[in-house]
Amino acid sequence: MAELIKVNNISKSFGDNTVLKNLDLTILKGEVIAIIGSSGSGKSTLVRCMAGLENTENGEILLKDKIIQNVKSTNGLIGMVFQNFNLFPHYTVLENLTKPCQTVKKMNSKDAKEKAMNLLKKVHLQDKFNQYPSTLSGGQKQRVAIARALSMDPEIIIFDEPTSSLDPELAHEVFETISTLAHEGQTMVIVTHQINAIRHFATRVLFLNKGQIEEEGTPKYIFEECTNPKLKKFLQIVDYVDLD
Ligand SMILES: Nc1ncnc2c1ncn2[C@@H]1O[C@H](COP(=O)(O)OP(=O)(O)OP(=O)(O)O)[C@@H](O)[C@H]1O
Ligand SMILES: [Mg+2]
């Protein structure tokens, strides 16, 4: 399968805190990669580097063979969905999708509206098109954010803890949407602690530890077979939180 992203030997420090160390990663089209690891292990920094939101000290990140230097150089091929939705509060749900389609994709308002309504249907929010984000639940806001990311036709969508501010029921709705996209073949990278939610559709799981990929493999390998004590300890802690 085609290589979409190639991370070649990148390192990143903040002051004397080395956050990513000589990290390599190749992401193929159609992969759904889950990134797990303790707080501070470098998960957000890694995905922010891939999206061009952070620069790296050495090495390089290629997106379809072109070096990513900043957000602009990703050419809209990478969509990001963050923990806190980042919707425009003064736009309606529909406008949150149509405005970027018109400004970034240069679509006319009729086409933008049609595309936006189709995407809102996909996330089951067509009825909310005329509401403002402040009137939606957290799960609904996050699904609008996913629809907005999709409206740019990204090659890859990167999610950084998309459900960590949501109640379990709302988190479930959001993961249903992400799972549907996974089955449609959308390439995705998902940073999450919700192991039960992603284990059925992630094609590969990376366990980050101190800025390096400590283990990687299928969900079955990472969650059931791998005997790495650091991973086992981390999984115990996450399970503990899940039961809470
Ligand atoms: N802008 C920044 N300035 C200084 N230090 C930073 C910055 N961003 C991240 N760090 C540091 O880099 C390290 C890794 O942070 P990162 O956000 O990548 O971790 P994470 O694995 O996403 O953690 P969490 O699970 O808590 O989100 C942390 O020690 C953090 O304090
Ligand atoms: Mg993080």
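**View 1. Phe207 and Phe234, two buried rings in a predicted model**. Both Phe207 and Phe234 are buried (under 20% relative accessible area with a 1.4 Å probe, protein chains only; over 50% is exposed, and in between is partly exposed). This model is predicted: local features need pLDDT of at least 70, side-chain atom pairs count only at pLDDT 80 or more, and totals for chains, interfaces and linings use all residues. Residues are numbered from 1 along each chain as its sequence is written, and side-chain values use heavy atoms, without hydrogens and water.

**View 2. The edge-to-face pair of Phe88 and Tyr91**. Two aromatic pairs are found in a search of the whole structure (rings of Phe, Tyr and Trp, the last by its six-membered ring, with centres within 6.5 Å; planes under 30 degrees apart are stacked, over 60 edge-to-face, the rest tilted). Phe88 and Tyr91 are 5.4 Å apart centre to centre, with 75 degrees between the planes. Phe88 is partly exposed at 34% relative accessibility, and Tyr91 is partly exposed at 23%.

**View 3. The tilted pair of Phe207 and Phe234**. The ring centres of Phe207 and Phe234 are 5.5 Å apart and the planes meet at 35 degrees, so this pair is tilted. It links distant parts of the chain, 27 residues apart: Phe207 belongs to strand 9 (residues 204-209) and Phe234 to helix 8 (residues 229-243). Helices (H or I, at least four residues) and strands (E, at least two) are DSSP runs, numbered from the N terminus.

**View 4. Arg148 over the face of Phe88**. Arg148 is 5.2 Å from the ring centre of Phe88 (the criterion is NZ of Lys or CZ of Arg within 6 Å of the ring centre and within 35 degrees of the ring normal).

Technical notes: Chains lettered and ligands numbered in written order.
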